Amino acid sequence: QNWHVDGFQNKSLPQFNILCGIALNKQSIPFSGQFTFWPSSHYEIQKELLSQGGYNKFWENNHRPKMRFIWNDIKYKQCNVDIGDIILVHPFVAHKGGINYSMDTRLNIYYRIQH
């Protein structure tokens, strides 16, 4: 339930076209801090944006983790990566930093690409 789309922090729609992550260390053991996402959730978020009358109402209903809806039909996935792997994500894909039970710190760099 603690997913987000970038922009929730400052009540703005994502001002970029794609989120790009680059792994600086290996994250392949389950729950080692992987980028965690809900596949195809950008379609559902778009439907919610439209049904709730736009971004302001969507933000009011979902910007706090305890208020966000739970994905009933979409199971989250952890993105297993090796050093140098690139993660490309639509700006409305629901995501979060994964839980990290490993002894290693998750090291990723993220860029918001706009064209």
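A salt bridge, for this tour, is a side-chain nitrogen of Lys or Arg within 4 Å of a carboxyl oxygen of Asp or Glu. Keep that in mind as you click around this predicted model; a search of the whole structure turns up three of them.

Start with helix α2, residues 55-62, and select Lys 57 and Glu 60, which sit three residues apart there, about one turn of the helix. Their closest N and O atoms are 3.9 Å apart, and the two form a salt bridge. Lys 57 is partly exposed at 40% relative accessible area, and Glu 60 is partly exposed too, at 38%.

Next, hop to helix α1, residues 41-51, where Lys 47 and Glu 44 are also about one helical turn from each other. Show their side chains and you'll find a salt bridge, 3.3 Å from N to O. Glu 44 is partly exposed, with 29% relative accessibility.

Now pick Arg 112 and Asp 6, a salt bridge with its closest N and O atoms 3.4 Å apart. Arg 112 belongs to strand β6 and Asp 6 to the segment before β1, so this pair ties together parts 106 residues apart in sequence.

Last stop: the open sheet, three antiparallel strands in the order β3-β2-β5. Color β3 (77-79) and β5 (95-97): these are the edges, each with a single partner strand, so one side of each has no neighbour in the sheet. From one strand to the next, the twist averages 30°. Zoom in on β2, residues 35-37, which pairs with β3 over three bridges, and find Thr 36 opposite Gln 78 in β3.

How values were computed. Residues numbered from 1 in each chain as written. Predicted model: local features only at pLDDT ≥ 70, side-chain atom pairs only at ≥ 80, totals over all residues. Heavy atoms only, no water. Pairing = 2+ DSSP bridges. Helix = DSSP H or I, 4+ residues; strand = E, 2+ residues; numbered from the N terminus. Axes fitted to C-alpha atoms, helices over the stretch in contact; angles between N-to-C directions. Buried < 20%, exposed > 50% of the residue type's maximum accessible area, 1.4 Å probe, protein only.
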